[in-house]
Amino acid sequence: MGGRQWRFGTEVALVMLLVWLATPCPLSAAVAEAGRDYLLVGAATDDPTPHRACTPEMLAGPRQQVQVSAPAGGWSGQPQALDVFNVFAGEVRVQHGDREICGNMHDARTRDSRFRAGIGLVAVPPAGSHEPFLVSWQMPLKARWVPTLRLGAPSPVQQNDTARLLVRAACIAVAIALALSALMAFLTTRDRSFLVYIAGTTVLVLWQAILGGLSGYPEPWLPVGEGGAWWLLSLTAASQALVLPALWRLNGGDRLLPRSRPVQLLALWGLLALAAWVPWLQWGSLAWVALGLQVSYLLGCGLALMVGVWARLRGDRWAQAGLAALAPMLVLILADACRAAWLLEYRVEALQLAVTWLLMMAAYALNQRLGRLRQQRDELRQLAETDGLTGLPNRRAGLQQLARHLERVDRERGPLVIGFLDIDLFKDINDRHGHAVGDQVLVAVARALRAAVRSQDQVVRMGGEEFLLLMPGMPREAASARLDRLRQHITEAGRALQVPGLEVTASIGLAQWRPGEDDLAGLLRRADHAMYVAKRAGRNRVFDGEELDPPGLA
């Protein structure tokens, strides 16, 4: 009866819910409330649209100017966008008719907000007009490091501009992420190589910010101002001071030519000194510095390539990371030598991608180095905790394992039985048959014990002819029977050596952990005492130490 009433009540509730959902609700014209229904940030402003008129001071110094002419039939009457990229220092002036803008790559506030990676202007020339766009910029310091001008409809020009910004920002973001990862690795390992990597990455982040104009986006966060050329050359020298030795080492230069370290240090400190000297130079000297840095870059990459190929031919597989890191830079060098048009247009993005790839390869090499260090550490630990003759854990490792078992059984309240084993008359075996046979006996005993115990049990060589067996979770009676079978296996292993007159037996003392009464030393002491009782009783037997000294009587 109760079940029918419950089902009937449930059906009525469902019908009422469906009727309520199907009933149309009148929409009220409620006023949305700020903070509850929407979020408004910012405030009204009376600032004019960012625009900066050109002044004679901005246009002072050596400059270049070009005219972007109209098509043969004149302008179409549609909006035209002109964007100027790859100007690394100074003011850029873009003018069409009475419209004019002066912008600086290192201060986005001076530029048209529709353009994020370049300095652009949108104008609507009258249909049929032939009035050109006028563009001028500061004289470049290096040949072929020339501006790129993109003309077209506003939408595709702005999309291209935004794509450039995304690439430039992504490269810097990857570099910062790699630096943070290296910082975590340093905090874990305390390896100073990661600090060097972090320092180099930081310099390259600043260099990329100056190169791509992100130092001024959305507002200047570096005090570049009108000193863009000085900042760029100084950071270029500092970057080379770190990148060129890194390329040399990645390609195996240190391994092939260990005496090259003084030359590396000389190049490093020389370039760092040049980086510190650049801010004090006059404009006329900067072109020579730029040329010298180009020569040092080409020389460093060439030497790194030669040593990398040499190392690879000699079978150095670690040089692969160095050659991979060098590959994009070699592509850029060849493209520049061939006067490739794509490099002129996308020089900044190409350089940033090449540097980002170098940082990734350097991080890969550091992680490989860290892996080798960990492997060496594990091998040293294995050597420190393993008996060289039998391959069993040694006394130090065995006591650590026993301590861990004691902590576990204290938490879980399970049994823990240990067996202390001593090969009978082992000195006589060495005296009669020689130490070589004695070593064979130890190896055979270790192999027999390891083959006969459970996977959760441990066998430890405590030293000499003494072994310790750890049997967690096994009741005392079962452990006693297991130790007796192990004693028999030891005798069989000795006979398998087929040494005339050799008889191998063992005396074993058993002890069980007593919660609240024992400590590690006390447990070992009782097992050792039980083993000596077994020897005094005639050897080749197992003695239960719990029968000799029952719990609670001590």
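This section describes the pockets, a strand hairpin, the salt bridges and several individual residues of a predicted model.

Of the elements around the largest pocket, H10 gives the most, with nine residues. By residue class, the lining of the largest pocket consists of 20 nonpolar, six polar and seven charged residues.

The second largest pocket has a volume of about 790 Å³. It is lined by 39 residues, with Lys142, Trp145, Trp207, Thr236 and Leu351 closest to its centre. Two or more lining residues come from each of strand E6 (133–138), H3, H4, helix H7 (283–313), H8 and H10. In the second largest pocket the greatest contribution is that of H4, which supplies eight residues. The lining here divides into 30 nonpolar, six polar and three charged residues.

Strand pairing is illustrated by E3 and E4. Strand E3 (residues 91–96) and strand E4 (residues 99–104) run antiparallel and are joined by six bridges. One of the paired positions is His96, whose bridge partner in E4 is Arg99. The two strands form a hairpin with two residues between them, and Gly97, in the turn, has a positive phi of about 65°.

The structure contains 21 salt bridges. In one of them, the side chains of Arg164 and Glu345 meet at 3.8 Å, N to O. Arg164 belongs to helix H2 (residues 154–189) and Glu345 to helix H9 (residues 341–345), so this pair ties together parts that are 181 residues apart in sequence. Arg164 counts as buried because its relative accessibility is 2%, whereas Glu345, at 21%, counts as partly exposed. Both residues also take part in a network of salt bridges that links Arg150, Arg164, Arg168, Glu345 and Glu349.

With a relative accessibility of 39%, Arg249 counts as partly exposed. Glu503 and Arg495 also meet through their side chains in a salt bridge, at 3.8 Å, N to O. Of these two residues, Glu503 counts as partly exposed at 45% relative accessibility, while Arg495 is exposed, with a relative accessible area of 54%.

Leu392 is situated in the loop between H10 and helix H11 (395–412). Although it lies in a loop, Leu392 counts as buried, with a relative accessibility of 1%. When residues up to four places away in sequence are not counted, Leu392 touches Glu385, Thr386, Asp387, Ala446, Arg450, Val459, Arg461 and Phe467. Leu392 and Val443 are separated by 51 residues in sequence and by 9.6 Å in space, C-alpha to C-alpha.

The peptide bond from Tyr217 to Pro218 is cis, with omega near -5°. Gln498, a residue other than glycine, has a positive phi, near 55°. Gln498 occupies the loop between helix H14 (476–496) and strand E11 (506–512), and it counts as exposed at 70% relative accessibility. Asn540, likewise a residue other than glycine, has a positive phi near 55°. The loop that holds Asn540 runs between helix H15 (520–536) and strand E12 (542–544). Asn540 counts as partly exposed, at 28% relative accessibility.

Key:
Residues numbered from 1 in each chain as written. Predicted model: local features only at pLDDT ≥ 70, side-chain atom pairs only at ≥ 80, totals over all residues. Heavy atoms only, no water. Helix = DSSP H or I, 4+ residues; strand = E, 2+ residues; numbered from the N terminus. Nonpolar A, V, L, I, M, F, W, Y, C, P; charged D, E, K, R; others polar. 1 Å grid on protein atoms, 1.4 Å probe; cavity = no way out; pocket = protein on both sides within 12 Å on 5 of 7 lines; lining within 4 Å. Points joined across faces, edges and corners; volume = space filled by probe spheres on them. Pairing = 2+ DSSP bridges. Salt bridge = Lys/Arg side-chain N within 4 Å of Asp/Glu carboxyl O. Buried < 20%, exposed > 50% of the residue type's maximum accessible area, 1.4 Å probe, protein only. Contact = heavy atoms within 4.5 Å.
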